[in-house]
Amino acid sequence: MSKSTGWDRRLSVVADGKRLIGHAGAVLLRRCADRTGLTQALAKVLPSSTAAGWRERAGVLVQLAIAITLGAANLSEAEQLQLHHRPLFGSAASDSTARRTLSALDEATLIKIAKVRARVRRQVWSLLRLRPGGFPWLVVAGKRLTGWIVIDIDATIITAASKKAGAAVTFKKTFGFHPLAAWCANTTESLAMCLRPGNAGANTVADHIAVLTDALVQIPGSSAAKILIRVDGAGATHGLLEHLEALNTTRRTVRYTVGRKITEDDEKAIAKLPESAWETSVHQDGSLQEGYFIAELTGLNTREGWPEGMRLIVRRVKPTRRHLKKLTAFEKKTGWRYCITATNIRHLWGIAGSGHSQFLDVLHRSHAGVEDRVRTNKAMGLDNLPSASWEVNCGWMLAANLASDLGAWVRLLALHDIKGLADAEPETMRFRLYHLPARLADHARRRWLRIDATWPWAQAFTTCWQRLTALPTVT
């Protein structure tokens with residue numbers, strides 16, 4: 001029998017507190033939504049009314065996005081959180097009101113909301129350029145890609161535990177949905193996302209083009225001159241690559257890197273490479289990656305039908321035990337495992353050495369960061385779609401994307417120089433800032449949200465609030 005430590009001596013737990021606020025970080029997210037102009041802009045395109053009891057749809061959507069950021073997994077949890085926050089934000093929308101709001105988001109309304117998001121993003125990016133250090137340009141292999149906006153496209157699986165509209169058996173033999181999305185690697189924002197049935201194809205050209213088109217609309221015009229698009233092997237289709245090439249204009253340069261499944265023709269071309277053609281790969285920091293080798297395959301594989309000028313970069317590595325069963329006869333013979341990257345990059349304007357095969361290899365490998373975007377988006381509302389209705393789930397996905405943007409904007413605009421928070425993931429933000437409890441007090445004709453001064457991130461919380469408050473108000 002263990003001896004009591006005495007910590008619970010004379011301790012009673014009661015639920016009779018007053019003016020106590022849990023998840024006080026909601027004020028940071030709402031302040032960000034208001035100061036960037038998101039709330040006001042949504043109010044101009046969503047239904048409004050002066051009828052008694054009406055809930056402004058813009059407020060409903062923004063508060064739902066905030067609830068998702070704080071961890072709500074369904075409309076009922078979002079309602080309970082908003083009921084708790086009534087002393088802060090006023091009367092809460094019921095889960096039925098939220099459901100009606102989401103189900104009413106038809107195609108025309110979604111297009112209007114996309115334009116609203118693009119306008120707000122333009123405002124946010126203009127503010128980012130004014131930060132110390134400026135806009136967050138990507139750094140790859142020690143090279144800063146100044147001026148280049150990087151878009152990563154990837155699909156994922158959202159499983160469903162029950163029958164829902166659009167849910168189907170996926171290529172991974174699970175049951176659910178197969179959405180396709182695009183993220184901005186510079187800012188981690190969710191630019192566009194398309195909900196698709198679970199049996200949707202991984203390399204469907206029309207879906208890739210649709211998502212990419214929506215993503216490009218989100219890029220402010222002043223930043224759209226140099227675009228780099230990265231896709232995994234699902235993007236290695238004639239239709240998508242031809243579309244990417246066609247996006248180049250006199251005012252816009254579009255470059256891409258895509259994975260490519262190796263064929264017998266590729267293996268014949270690889271067999272022609274002399275050993276002297278192989279160079280040691282590099283890490284993301286630019287240091288040599290021993291045991292990994294890169295070579296240029298361009299010109300040795302002459303398959304027709306691919307864009308003119310496309311380059312092929314082949315990478316080889318000794319296979320691990322888990323790869324042994326998947327090796328081709330050629331790979332078993334050579335003792336190496338190969339993968340190929342296709343690209344139209346001869347050089348990235350303004351980036352020295354950007355045309356070298358070593359750099360192109362590491363540039364495409366950094367696309368693996370998109371897995372973090374998928375994971376964090378699932379941590380903010382996309383791990384499970386809460387409704388049996390396709391329309392409501394599409395609306396929920398939009399709210400989750402807004403939540404992703406709000407979380408990114410809070411970090412980029414107000415926490416960019418605070419260690420441990422500038423690149424924090426959702427669970428870290430919740431633990432350190434968003435789920436912080438506070439007491440709401442009235443004093444000197446003002447309301448005061450008081451947080452415990454002994455909390456290690458109390459100063460970060462108040463700094464974030466002050467910085468967001470100092471942002472110019474957008475009307």
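Arg 430 counts as buried (under 20% relative accessible area, with exposed over 50% and partly exposed in between; 1.4 Å probe, protein chains only), its relative accessibility being 4%. The structure is a predicted model, in which local features need pLDDT of at least 70 and side-chain atom pairs count only at pLDDT 80 or more, while totals for chains, interfaces and linings use all residues. Residues are numbered from 1 along each chain as its sequence is written, and side-chain values use heavy atoms, with hydrogens and water left out.

Arg 430 meets the side chain of Glu 427 in a salt bridge, at 2.6 Å from N to O; the term denotes a side-chain nitrogen of Lys or Arg within 4 Å of a carboxyl oxygen of Asp or Glu. Helices (H or I, at least four residues) and strands (E, at least two) are DSSP runs, numbered from the N terminus.

Asp 361 is buried, at 4% relative accessible area, whereas Arg 365 is partly exposed, at 23%.

The salt bridge between Asp 442 and Arg 19 (2.9 Å, N to O) links distant parts of the chain, 423 residues apart. Asp 442 lies in strand β16 (residues 438-443), and Arg 19 in the segment before β1 (20-21). Asp 442 is exposed, with a relative accessible area of 55%, and Arg 19 is partly exposed, with 36%.

In total, the structure holds 16 salt bridges. A network of salt bridges links Arg 117, Arg 121, Glu 189 and Asp 405.
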